[in-house]
Amino acid sequence: MADYLQDNKLIRDSQHGFRKGKSCLINLLELSEEVSHTLDTCCPVDIIYLDFQKAFDKVPHVRLAVKLQNHYTGGEIIKWIKEWLKDRKQKVVINGETSTWAKVESGVPQGSVLGTLQFNIYINDINEGIINILKKFADDTKLIGRAGSVEQIASIKKDILTLEK
């Protein structure tokens, strides 16, 4: 599945987390290059750092299933993933005390290859409608924009509102 998504360029290049040929270092080097290039043209740069709180835990299973179907045509794999996410439950144990089981209707399992792949698919469309540059490493996102004019600053503000939606 990862190879299919990579070979068919279905995950945007702005995502560096959990991808072949991408890394945190490459993400930072691309950011550095973009900022340096912009500053070389004597234009100020704004960078907004975003970290979506508990992002992996908040992925709704129903919406994820729709996005999986939009990205991946392997019907049997989609059925298997839906079944894997269906009827998940969890409980908490603290100092030997155990909570009751609670139904889990959102979230992708962290620490698994499949969970990170699902997360990348889920947030892949976050770039839609963005005017400036986004660089992502998993759920850590940087919005980079020129800030040399009122119009450029307005475009950054517009992007923030778009991301909020």
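Predicted model: local features only at pLDDT ≥ 70, side-chain atom pairs only at ≥ 80, totals over all residues.
Buried here denotes under 20% relative accessible area, exposed over 50%, and partly exposed the range in between, with a 1.4 Å probe and protein chains only. Residues are numbered from 1 along each chain as its sequence is written, and side-chain values use heavy atoms, with hydrogens and water left out.

Strand 7 has two antiparallel partners to be described, where two strands are taken to pair if DSSP finds at least two bridges between them. With strand 1 (residues 45-51), strand 7 pairs in the antiparallel sense over seven bridges, and Leu143 in strand 7 is the bridge partner of Ile48. With strand 6 (residues 133-137), the antiparallel pairing runs over five bridges, and Thr141 in strand 7 stands opposite Lys136. Strand 6 and strand 7 form a hairpin with two residues between them, and in the turn Ala138 has a positive phi of about 60°.

The secondary structure of the protein amounts to six helices and seven strands, these being DSSP runs numbered from the N terminus, with helices (H or I) of at least four residues and strands (E) of at least two. Along the sequence the elements follow the pattern α-α-β-α-α-β-β-β-β-α-β-β-α. The C-alpha trace spans about 60 × 40 × 30 Å along its principal axes, and 38% of the 165 residues count as buried. Of the contacts (heavy atoms within 4.5 Å) with a separation of 6 or more, 63% are accounted for by residues 24 or more positions apart.

The interior of the model includes a nonpolar core, defined as a set of buried Ala, Val, Leu, Ile, Met, Phe, Trp, Tyr and Cys residues joined through side-chain atoms within 4.5 Å. The largest such core has 18 residues, and those with the most contacts inside it are Val59, Leu64, Leu68, Val108 and Phe119. Helix 3 (61-71), helix 4 (75-85) and helix 5 (113-123) are the elements that give two or more residues to this core, and helix 5 provides the largest share, six residues. Apart from this core lies another, of seven residues, among them Ile126, Ile130, Leu143 and Leu163.

Helix 5 is itself mostly covered, since 10 of its 11 residues are buried, including Leu117, Phe119, Ile121 and Ile123. The buried residues of helix 5 pack against helix 1 (2-7), helix 3, helix 4 and strand 6. When neighbours within four places in sequence are left aside, Phe119 is in contact with Ala55, Phe56, Val59, Val108, Ala138 and Asp139; of these, Ala138 lies in the turn of the hairpin formed by strand 6 and strand 7.

In helix 3, by contrast, lies Arg63, which is exposed with a relative accessible area of 53%. The C-alpha atoms of Arg63 and Ser99, 36 residues apart along the chain, are separated by 28 Å.
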